There are 2 protein chains.
Amino acid sequence: MRRVSDVGEFGLIERIARLVPRRPGPGVRVGIGDDAAVLGVRRGEDLVATTDAFVAGVHFRLDQETPRTAGRRAAVGCLSDLAAMGARPLGLLLALAVPARTPLATVLDFARGIAGEAARHGTPLVGGNVARARELSATLTALGAVARGRALRRDRGRAGDRLFVTGALGRSAFERARGSVRHVGAPRLRAGQRLRGVRGIGACIDVSDGLVADLGQLCRASRVAARIEPARVPRAAARGGRVPERLALAGGEDYELLFSVRPAGPGAAALRRRLGLPVTEIGRLEAGPARVRGIPAGPGGFRHF
Amino acid sequence: MRRVSDVGEFGLIERIARLVPRRPGPGVRVGIGDDAAVLGVRRGEDLVATTDAFVAGVHFRLDQETPRTAGRRAAVGCLSDLAAMGARPLGLLLALAVPARTPLATVLDFARGIAGEAARHGTPLVGGNVARARELSATLTALGAVARGRALRRDRGRAGDRLFVTGALGRSAFERARGSVRHVGAPRLRAGQRLRGVRGIGACIDVSDGLVADLGQLCRASRVAARIEPARVPRAAARGGRVPERLALAGGEDYELLFSVRPAGPGAAALRRRLGLPVTEIGRLEAGPARVRGIPAGPGGFRHF
């Protein structure tokens, strides 16, 4: 079995570069291979950038999922942050940290998962870095663009806004709890871009740490409280039924969009048509100290440390 | 002694955010605290982006330098890639990976080194990520902008070009060899931007892995050979003399700019005035397979794996 140490840093970079089309797209002026990537931004657009680490033993376990699935989930998690800003994706940078004894096939499958998922969502891998480390990890940077001053933000919520969420929640957490992860969410990039044009749009965030945790972040940023009706939170299908409520509330890695709309804005049915996705109204924002009301005691979200 | 686990993920993020001015600059539309940063790009500019990992035990050793020096060097190494593209800096993203038992002061000094050096070079820290990991590391993403189609590139060298390098080389390697690192280079951001306007500019790369190794990369990208005169390579001062030639050739982490200029372009004296830095002619590009000629056998560069 070949290991990373058999091909070396540049051998590994070369093999990763081969996973990427030679002409990744008209917006990529300089791709993999120079000191930095160069990407075109349209007139009147701002740059949107986000970085996310995905560490073995913390964010993924290779005894619970394939390297490819882990890589796909890493890419989706990072692109989801672009979606939450309403950005159109431009490109992805990949900083891989790899123990020297790692099987080459493992690293390449991991990278293949990342590059494949990124390409699928219109975000070519345009550069990166490879370093030796004690544990496998990928730090991804997603780059996007948004019409100037029009980014969706988590601090734009107001008391009175209705709260909506796309899709259904809890499937990733359900699989994790069962010890076998196969599900890979989808970054809601198109929905995010369409949300920017919705009349009365308030705040927006993606559900990555769990609905209650991320709603808490939205509340803190917007300086409002939230009240949700747990029974209305859309739960993903599982074993012929639905996932438990607590996983839908606190599971995390759902990568759906959670957003608020002013009282005069559209309702769930109109939003569903506009976004091309299931949209459910789950509660509202209220005046008061930043916290989430109406939930059973307990559900937190994923926490490091 | 307080440890990272005592303040938790959000406590750590909050403390890092406090290292950054609340109003980081007019180009930063959304800074730390949302799903992604939003940065303004001027009309007619392309986006430049680069990512770099800086791992404990690989890129730095806390028994040889302070966390602050390590952080400063991490920032300089990443910004140097922007300099090599001729970009003006826009912002920096920081993905910190931290063992839970790490002293809080160590992590904050490390982050202070990064944020301080970035701010000093006009690159505010605009976002990032904190994750638990088995070893301390920082993965930095530097974002910049460059006039459309005008980025400096390593693949623009031609046979006949003269080769130049800024500053003097070998000081970082000299200190590393002695087991005490204090020197922090400077990313040549202003020089890189000025180089873009130099008549007859060819290829450009920064010296991060060592002069010979990086020149090899320039040759491979440009499909030319290079011939240097080792005696002309400017060596940094050390102990009343100069660092050994092999450290200037192969040491790395110099963060000077190595570039080529067409025969009809300016010479070292004019370039010195233009860039406001010492500039030395060290050889030329020649037709032939990509390799560096004229050097004593041996000097490689830093290699992972």
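This is a predicted model: local features need pLDDT of at least 70, side-chain atom pairs count only at pLDDT 80 or more; totals for chains, interfaces and linings use all residues.
**View 1. Six-stranded open sheet with strands from chains A and B.** The order is β1(A)-β2(A)-β3(B)-β6(B)-β4(B)-β5(B), and the pairing is mixed. The edges are β1 (28-30) of chain A and β5 (125-132) of chain B; each has a single partner strand, so one side of each is left without a neighbour in the sheet. From one strand to the next, the twist averages 20 degrees.

**View 2. Pairing of β2(A) with β3(B).** A:Val38 has B:Val48 as its bridge partner in β3(B).

**View 3. Helix α3 of chain B on the sheet strands.** The helix, residues 104-120, lies across β4 (88-98), β5 and β6 (137-147) of chain B. Its direction is at about 170 degrees to β4(B).

**View 4. Open sheet of six strands in chain B.** Here the order is β8-β12-β7-β13-β9-β14, again with mixed pairing. Strands β8 (201-206) and β14 (292-293) of chain B stand at the edges with a single partner strand each, so one side of each is left without a neighbour in the sheet.

**View 5. Strands β7 and β12 of chain B, with helices α8 and α2.** Four bridges pair β7 (residues 162-166) with β12 (residues 257-261) in the antiparallel sense. B:Phe164 stands opposite B:Phe259 in β12(B). Helix α8 (residues 268-275) of chain B packs on the sheet, where it touches β7 and β13 (279-286) of chain B, and its direction makes about 120 degrees with that of β13(B). Helix α2 (residues 67-84) of chain B lies across β8 and β12 of chain B, at about 175 degrees to β8(B).

Definitions and conventions
Residues are numbered from 1 along each chain as its sequence is written. Chains are lettered from A and ligands numbered from 1 in the order in which they are written. Two strands pair if DSSP finds at least two bridges between them. Helices (H or I, at least four residues) and strands (E, at least two) are DSSP runs, numbered from the N terminus. Axes are lines fitted to C-alpha atoms, for helices over the stretch in contact, and angles run from 0 to 180 degrees between N-to-C directions. Two residues are in contact if their C-beta atoms, placed from the backbone, lie within 7 Å.
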